[in-house]
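Subject: Structure handover

Hello,

Here is the structure for your files, with my notes on it below. Please read the notes alongside the coordinates.

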Amino acid sequence: MVTRTVDLRSDTVTKPTEAMRAAMANAEVDDDVLSYDPSALRLETEMAKVTGKEAALFVPSGTMGNLVSVLVHCNIRGSEVILGNNSHIHIYENGGISTIGGVHPRTVKNNDDGTMDIDLIEAAIRDPRGEIVYPTTRLICLENTQANCGGRCLSVEYTDKVGELAKKHGLKLHMDGARIFNASIALGVPVHRLLQAADSASVCLSKGLGAPVGSVIVGSKSFIAKARILRKTLGGGMRQVGVLCAAALVALHETVLKLEDDHKKTKMLAEGLNQIKGLRLNVAAVETNIIFFDVVEGAKITAEKLCKNLEQHGILVMQESPVRIRVVLHHQISESDVQYALSCFKQALTGRVQEENGN
Ligand SMILES: *Cc1c(COP(=O)(O)O)cnc(C)c1O
């Protein structure tokens, strides 16, 4: 019988805290489609401030945040966006920029550290003289942290360079900053500085920040004005949304302070996993709250069987490929959860339990 659950599938599994539930119960609300909801306005004002942008807009999800942002920048069908081949927008958002926006994706290879080579980005920009056959490049998208590259952080220097390149070619730069707060904490750089070169950004509230629902997009006043209309078009205009924004404000004030601890626990888990025979990972590449690791050939069990075995002990992880597993930490995973998870991994892979199982 499972006596304990440690859910490492994603940081989206966080549950609202007591403080969030209390804030939701007491939230001041009004109709947000008409921009009357005071809690939404408060959240948007605060998010604009921390991100260093003129304005902000609450959206139901990160997917809608990215979609709205790309579509505002690429408002002419047949526009092209340059983005990483491993980016969330390209892989996990149902191709919405194409199916809904008529925007063509041009992928550039993501390196292991989440970057795309600057010269490869530049080479992917369409020559306007070829407009009779080419789509028109209008936008570059970056992702920080780069989820599918193991939560790697993009540095300010790199982001600024891409920003300069975009400017040089008259393009916009959008940052998928679903976990930009994780990047900020890991790099020791304020969020507004990380986003300085970006014309717009999308920030998830319901990942490591632990709010139940929502993302916020940020940018210039005119960008947000257009985004507000598009959000309504896409069915994302909600009424008494302050109930959600109140929880998000608590996330912004309280959970952010726990991210550094999440990263420490992630490092601890990575170091522990690295010592287990049969697993392979690069501990140095673990910069934030995500770990990718492989079950090596010749290990006692396959990745699939390992996941099943772990599940029987209440450890939930995400299998990414026949050999690869992903785990993600968040503020509701304790140090003792990490120790318990490690002991379950050890037992599954070596048949021995080296730690006490906790409770
Ligand atoms: C989760 C995530 C999104 C999308 O957020 P949803 O709220 O799940 O739609 C976008 N980008 C990245 C990098 C993410 O991790």
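Asp 294 counts as buried, at 12% relative accessibility; buried means under 20% relative accessible area, exposed over 50%, and partly exposed in between, with a 1.4 Å probe and protein chains only. Asp 294 sits in strand S10, residues 290-295. Helices (H or I, at least four residues) and strands (E, at least two) are DSSP runs, numbered from the N terminus. The side chain of Asp 294 makes a polar contact of 2.8 Å with the side chain of Arg 324. A polar contact is a pair of N or O atoms within 3.5 Å; within protein, one must be able to donate a hydrogen and the other to accept it, and residues adjacent in sequence count only if both atoms are side-chain atoms.

This is a predicted model, in which local features need pLDDT of at least 70 and side-chain atom pairs count only at pLDDT 80 or more, while totals for chains, interfaces and linings use all residues. Residues are numbered from 1 along each chain as its sequence is written, and side-chain values use heavy atoms, with hydrogens and water left out.

Ligand

A ligand oxygen lies 2.8 Å from a backbone N or O atom of Gly 62, and an oxygen atom of the ligand is 2.6 Å from a side-chain N or O atom of Thr 63. A nitrogen atom of the ligand is 2.6 Å from a polar side-chain atom of Asp 176. The ligand taken alone exposes 380 Å², and the protein buries 85% of that; accessible areas come from the Shrake-Rupley method with a 1.4 Å probe, and for residues only the protein chains shown count as cover.

Salt bridges

The count comes to 17 salt bridges, each a side-chain nitrogen of Lys or Arg within 4 Å of a carboxyl oxygen of Asp or Glu.

- Arg 239 and Asp 31 meet at 3.0 Å, N to O. Arg 239 is in the loop between helices H10 (221-233) and H11 (242-253), and Asp 31 is in the loop between H1 (18-25) and H2 (38-51), 208 residues apart. Arg 239 is partly exposed at 40%, whereas Asp 31 is buried at 15%.
- Glu 44 and Arg 228 meet at 3.5 Å, N to O. Glu 44 lies in helix H2 and Arg 228 in helix H10, so the pair ties together parts 184 residues apart in sequence. Glu 44 is buried at 5%, and Arg 228 is partly exposed at 22%.
- Asp 160 and Arg 193 have their closest N and O atoms 2.6 Å apart. Asp 160 lies in helix H7 (residues 156-168) and Arg 193 in helix H9 (residues 191-194), so this pair joins parts 33 residues apart in sequence.

Salt bridges that share partners also join Glu 80, Arg 106 and Arg 126 into one network.

Regards
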